[in-house]
Amino acid sequence: MKICVLDGEVLTDQKALHDRLAEDLGFPDWYGRNLDALYDCLTDLAEETEIRFRNEQALAEHLGNYAGAIKKVICTAVEENQNIQCILNYA
């Protein structure tokens with residue numbers, strides 16, 4: 001199982017967020033580090049995957065509206081790909 005923890009205390013900008021996702025989830029080199037590319041990569045994942053959000057308030061403070069957009073893309077991908085789970089407020 002692949003696990004990616006999106007910790008708002010650590011991820012202070014969009015680049016760090018996309019780098020974490022790419023590294024933890026093994027995205028291909030062509031991953032464009034944007035919301036469309038994220039959706040494409042997530043819906044293509046064939047391995048069981050868990051994305052955990054930790055310190056969501058800090059993530060929102062660092063990323064503003066982009067934090068909500070990331071959640072929306074991930075939640076939409078979860079609906080499309082049964083291999084992905086998303087856990088909000090992970091302790």
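Contact here means that heavy atoms lie within 4.5 Å. The model is a predicted one. With that criterion, the cover over the buried residues of helix H2 includes H1, E2, H4 and E3. The residues concerned are Ala37, Leu38, Cys41 and Leu42. Viewed down the axis of H2, they fall within an arc of 130°, so they line one face of the helix. On the other side of H2, Asp36 and Asp44 are exposed. The N-terminal end of H2 is capped by asparagine 34, with a side-chain oxygen 3.1 Å from the backbone nitrogen of aspartate 36.

Helix H1 can be read in a similar manner. This helix comprises residues 14–25, and its 12 residues reach 16 Å from the first C-alpha to the last, close to the 16 Å expected at 1.5 Å a residue. Leu17, His18, Leu21, Ala22 and Leu25 are its buried residues. Because they cover an arc of only 125° around the axis, they are on the same side of H1. The face turned away from that buried side carries exposed Lys15 and Glu23. Among the elements that cover the buried residues of H1 are strand E1 (2–7), helix H2 (35–44) and helix H3 (56–63). At the start of H1, a side-chain oxygen of aspartate 13 comes to within 3.2 Å of the backbone nitrogen of lysine 15. Just after H1, glycine 26 adopts a positive phi of about 65°.

Which elements do the buried residues of H4 pack against? They pack against E1, H1, H2, E2, H3 and strand E3 (84–87). H4 has 16 residues, which at 1.5 Å a residue should span 22 Å; the end C-alpha atoms are 23 Å apart, which agrees. The buried positions in H4 are Tyr66, Ala67, Ile70, Val73, Ile74 and Ala77. Their arc around the axis is only 125°, and therefore they are on the same side of H4. Asn65, Lys72 and Glu79 are exposed on the face turned away from the buried side.

Is threonine 49 buried or exposed? Its relative accessibility is 1%, so threonine 49 counts as buried, the cut-off being under 20%. Neighbours within four places in sequence aside, threonine 49 is in contact with Met1, Lys2, Leu25, Asn83, Ile84 and Gln85.

Arginine 33 has a positive phi of about 55° and lies in the loop between H1 and H2. With a relative accessible area of 39%, arginine 33 is partly exposed. Asparagine 55 likewise has a positive phi of about 55°, and this residue lies in the loop between E2 and H3. Asparagine 55 counts as partly exposed at 33% relative accessibility.

The structure holds 1 aromatic pair.

How values were computed:
Residues numbered from 1 in each chain as written. Predicted model: local features only at pLDDT ≥ 70, side-chain atom pairs only at ≥ 80, totals over all residues. Heavy atoms only, no water. Buried < 20%, exposed > 50% of the residue type's maximum accessible area, 1.4 Å probe, protein only. Helix = DSSP H or I, 4+ residues; strand = E, 2+ residues; numbered from the N terminus. Expected span 1.5 Å × (residues − 1). Arc of directions from axis to C-beta. Polar contact = N/O pair within 3.5 Å; in protein donor to acceptor, adjacent residues only side chain to side chain. Phe/Tyr/Trp six-rings, centres within 6.5 Å; stacked < 30°, edge-to-face > 60°.
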